[in-house]
Amino acid sequence: MKFLHSLLAAVICLTVIFSACKKDDVFTDRLSSGTLKDSSGNCLPSSVHGVYNSGVTLLVEHYIDVHVNVDSVGSYLIATDSINGYSFKGTGTFGVKGDNLVRLYGHGTPLFGGVNVFTVRYGSSACTVAVTVRGSVAVPAVFTLNESAGACPGATLEGTFSSNIPATSANKAKLGVVVTTPGTYSITTTAVNGVSFSGTGAFTTTGPQTLVLTANGTPIASGAFNYTATVNGVSCTYSVTVADGPAAAVFTLGGSPADCTGFLLAGAYQAGTGLTSSNTVTFQVNVTTAGAYSLSTNSVNGISFSGSGTFTTTGSQTVALTATGTPIAAGNNTFTVTAGSGTCTFSVTTAPGTVTPPVVNNDYYPLTQNSYWTYDEVYPGSTGDTLKLAVNGTGTFSGNSYTRMITTFPDASTDTIYARKSGNEYHAWTYTDQFTYSVFFDVGTYADIIFLKEGPTGTTWTSATYSGTESGVATSLKYVFTISNGSTSITTNGVTFSNVIKVTQQTQVSIMGSPFSTIETVENYYAKGIGLVYAKTVPTGSTTPEDELSIRHYQVN
């Protein structure tokens, strides 16, 4: 199949393509389940792609492929820890059970050369993958602890420590250090009273700095407990006081394993608007033993729910969880609550937002290196990002310099096209039949095609006529572009974009010398400083879009 829809990087009639790619997919709003390991407990195959250099920001070609054995279809988030300034993450939807290949894209900038061993996590399974970074060999930082008579002077604690209440990322110990040589560090204390402290990272400068260690585990008993940090043979001790906490509660979730019973939603949920303590959900539980509890959900669409407390009585009662985060897009989102081996689910609908992202570039189709965009294909049952477009490199064709655009598709395949700006015009160097899925010339030829202009409403232009054969039949093709609105706005995925140019493209075809006729109409919306934010394709004779494309994430440098 020719990936015509790679024209996301050029002029974007790509919406017509996706309907051909989604026919056999099975989608679900539920969270998937599965493992990174085989039936014998061994990690499934994985592979590392891209060349990694210290000090060079990761791009679309830097990724890890992992195999996942899927037990139940649904959405997924698979990520690694962050080491040496970078990490890997992949999100999407599993449509079939069994072996699936998932691509985890790299984010960040490696600080030092060397071998970094990442832990990949999915559900309760974890596997390791080693990534080699070129450049100055990663050396351990040289630093000393602030120590006085065996103690850690100036050590401070964050968060409340209570028996039988799990430590969270808010439970930290901060120690003073003096760095003499920048480099990486990894420190873990021994476990005392069910809790240990650890921290990894890198010091990039010398001088006095703060070493942050995060608590892990659940305090067993109350009282004062000493923890010892050791660096380069020098140790110091700090004390952690654990308050009395209740015994752990024993309870089940109402409605498990289906919808949470007694579910009530409070607060407003709007794309682009941060949530507050007024955003809560309430549902029923059945308590058999009173005591402490801690509940949380998975993260969906940029938000999650959590809550902790103490059940003082047994029997049926309600529990409230508070939302955190900022919804990314409008739509319906399903969350899963887990307690022990039981789960229940609830749904939250996010309304469209009114936030216009800041403009950091004056072009309507930015071509700055290392910029990227991800898009959702909109059709029944679709969820999550489906495409990623990244700017990476340049090329010269017919005497013109272009920017290289790499598109990565849901099946992990990639395609490359080139674009440039000249005055107020945006050009694509690509196949002549690239802007339509309705024509496939038997022999592909390249051309420079203007797909966008900055101008007033009513501006129109027509491409050259491109001729060839399709399945041996003489066929001619041309595109007619019109600026339908030179200054408009559009809301997509819950975000309103202003300073938008709407370009309407009519694809016209002539068969064996017959008069040209329009076979489809494509509407493309380009936001200033951002690029393509929305597109839809309507076949001639229909009023219903065949497909739509909506921006989800982007970074314009």
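1. Burial terms. A residue is buried under 20% relative accessible area, exposed over 50%, and partly exposed in between (1.4 Å probe, protein chains only). At 81% relative accessibility, Ala149 therefore counts as exposed. Over the protein chain, 45% of the 557 residues count as buried.

2. Ground rules. This is a predicted model, in which local features need pLDDT of at least 70 and side-chain atom pairs count only at pLDDT 80 or more, while totals for chains, interfaces and linings use all residues. Residues are numbered from 1 along each chain as its sequence is written, and side-chain values use heavy atoms, with hydrogens and water left out.

3. Overall build. The protein chain has one helix and 38 strands. Helices (H or I, at least four residues) and strands (E, at least two) are DSSP runs, numbered from the N terminus. Among contacts in the protein chain with a separation of 6 or more, 61% come from residues 24 or more positions apart. Contact here means heavy atoms within 4.5 Å.

4. Aromatic pairs. A pair of aromatic rings is described by the distance of the centres and the angle of the planes. Rings of Phe, Tyr and Trp (its six-membered ring) pair if their centres lie within 6.5 Å; planes under 30 degrees apart are stacked, over 60 edge-to-face, and the rest tilted. This rule gives 37 aromatic pairs. One of them is Phe263 with Phe346, a stacked pair at 5.0 Å centre to centre and 20° between the planes. Phe263 lies in the loop between strand E18 (250–253) and strand E19 (264–266), and Phe346 in strand E25 (residues 342–350), so the pair ties together parts that are 83 residues apart in sequence. Phe263 is partly exposed, at 26% relative accessible area. Phe346 is buried, at 3%.

5. An edge-to-face case. Why is the pair of Phe435 and Phe481 edge-to-face? Because the ring centres are 6.5 Å apart and the planes stand at 80°. Phe435 sits in the loop between strand E30 (425–431) and strand E31 (446–453), and Phe481 in strand E34 (residues 473–492), so this pair ties together parts that are 46 residues apart in sequence. Both Phe435 and Phe481 are buried.

6. Cluster and charges over rings. Phe397, Tyr402, Tyr418, Trp429, Tyr431 and Tyr446 make up one aromatic cluster. A charge sits over a ring if NZ of Lys or CZ of Arg is within 6 Å of the ring centre and within 35 degrees of the ring normal. The charged end of Lys388 sits over the ring of Tyr372, 4.7 Å from its centre. Lys478 has its charged end over the ring of Phe516, 4.4 Å from the centre.

7. The cavity. Rolling a probe the size of a water molecule over the atoms shows where empty space is left. On a 1 Å grid over the protein atoms alone, a cavity is a set of points where a 1.4 Å probe fits but cannot get out; lining residues have an atom within 4 Å of a point. Grid points are joined across faces, edges and corners, and a volume is the space filled by probe spheres set on the points. The whole structure has one cavity of 30 Å³ or more. The largest cavity holds about 40 Å³ of space. Its lining consists of Tyr365, Pro366, Trp373, Tyr375, Leu389, Met405, Ile530, Gly531 and Leu532. Strand E26 (372–378) and strand E37 (531–539) are the elements that give two or more residues to this lining. By class, the lining has eight nonpolar, one polar and no charged residues. Ala, Val, Leu, Ile, Met, Phe, Trp, Tyr, Cys and Pro count as nonpolar, Asp, Glu, Lys and Arg as charged, and the others, Gly among them, as polar.

8. Backbone points to check by eye. Most residues other than glycine have a negative phi, and most peptide bonds are trans. Ser256 and Pro257 are joined by a cis peptide bond, with omega about 5°. Pro257 lies in the loop between E18 and E19. Ala149 is not a glycine, yet has a positive phi of about 55°. Its place is the loop between strand E10 (142–145) and strand E11 (156–158). Ser471 also has a positive phi of about 55°. Ser471 lies in the loop between strand E33 (466–470) and E34, and is exposed at 68% relative accessible area.

9. A buried loop residue. Phe112 is found in the loop between strand E7 (98–108) and strand E8 (114–122). Is Phe112 buried or exposed? Phe112 is buried, with a relative accessible area of 14%. Phe112 and Thr184 are 72 residues apart in sequence, and their C-alpha atoms are 8.1 Å apart in space.

Methods: On a 1 Å grid over the protein atoms alone, a cavity is a set of points where a 1.4 Å probe fits but cannot get out, and a pocket is an open set with protein on both sides within 12 Å along at least five of seven lines; lining residues have an atom within 4 Å of a point.
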